[in-house]
Amino acid sequence: MKELIKWNYVTTRPLTEDEFAIYNCEYIWDGVIPEGDEVVIVSDGKTVWVDMWVDYGNDDCNFDGGADLKEFYWTSLPKPPIKEVE
């Protein structure tokens, strides 16, 4: 049986006062984000594309393709079945 695709929803939210003291930025990602340099399937709810999630350091991360998203869905690329060679 084929597996269903599990989409992760990520949005932004304002920082709490404690978080602002640490991160000093306007918003923070809220949800499970991809691993650094992971290539994933992304959707803004209208379009679907493949992009790389990049960790720029200093708690700054975003998609390499430059999409300015405030919310998105993502899923890992499917792993092809591997057949053992005899």
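**Aromatics, core and sheet**

Colleague: Quick one to start: what's the relative accessible area of Tyr27?
Modeller: It's 28%, so Tyr27 is partly exposed. On the cut-offs, buried is under 20% relative accessible area, exposed is over 50%, and partly exposed is in between, with a 1.4 Å probe and protein chains only.

Colleague: And what kind of model am I looking at?
Modeller: A predicted one: local features need pLDDT of at least 70, side-chain atom pairs count only at pLDDT 80 or more, and totals for chains, interfaces and linings use all residues. Residues are numbered from 1 along each chain as its sequence is written, and side-chain values use heavy atoms, with hydrogens and water left out.

Colleague: OK, aromatics. How many pairs are there?
Modeller: Seven aromatic pairs. The rule takes rings of Phe, Tyr and Trp (the six-membered ring for Trp) with centres within 6.5 Å; planes under 30 degrees apart are stacked, over 60 edge-to-face, and the rest tilted.

Colleague: What does Tyr27 do with Trp29?
Modeller: Tyr27 and Trp29 sit edge-to-face, 5.9 Å centre to centre with 80 degrees between the planes. Trp29 is buried at 14%, and Trp29 also makes an edge-to-face pair with Trp53, at 5.6 Å and 65 degrees.

Colleague: Where do those two tryptophans sit in the chain?
Modeller: In distant parts: Trp29 is in strand S2 (residues 27-30) and Trp53 in strand S4 (residues 48-57), 24 residues apart. Strands here are DSSP E runs of at least two residues, helices are H or I runs of at least four, and both are numbered from the N terminus. Trp53 is buried, with 1% relative accessible area.

Colleague: Which residues make up the aromatic cluster?
Modeller: Tyr27, Trp29, Trp53, Phe63 and Phe72 form one cluster.

Colleague: And which residues are in the largest nonpolar core?
Modeller: Ten residues: Val10, Trp29, Val40, Val42, Trp53, Cys61, Phe63, Leu69, Phe72 and Trp74. Strands S3 (38-43), S5 (60-63) and S6 (71-76) are the elements giving two or more residues each. By definition, a nonpolar core is a set of buried Ala, Val, Leu, Ile, Met, Phe, Trp, Tyr and Cys joined through side-chain atoms within 4.5 Å.

Colleague: What does Leu69 touch?
Modeller: Trp29, Val42, Asp44, Trp49 and Phe63, not counting residues up to four places away in sequence. Contact means heavy atoms within 4.5 Å.

Colleague: What about Asn62, buried or exposed?
Modeller: Buried, since its relative accessibility is 18%. Asn62 lies in strand S5, and beyond its neighbours within four places in sequence, Asn62 contacts Trp29, Met52, Trp53, Val54, Tyr56 and Ala67.

Colleague: Changing topic: what's the strand order in the sheet?
Modeller: S2-S1-S6-S3-S4-S5, an open sheet of six strands with antiparallel pairing. S2 and S5 are the edge strands, each pairing on one side only. Two strands pair if DSSP finds at least two bridges between them.

Colleague: How many degrees are neighbouring strands turned against each other?
Modeller: 35 degrees on average, direction ignored. Axes are lines fitted to C-alpha atoms, for helices over the stretch in contact, and angles run from 0 to 180 degrees between N-to-C directions.

Colleague: Why is S3 called largely enclosed?
Modeller: Because five of its six residues are buried. S3 runs antiparallel to S4 over six bridges, with Val39 opposite Met52, and antiparallel to S6 over four, where Val42 partners Trp74.

Colleague: What's in the turn of the S3 and S4 hairpin?
Modeller: Four residues lie between the strands, and Gly45 in the turn has a positive phi of about 95 degrees.
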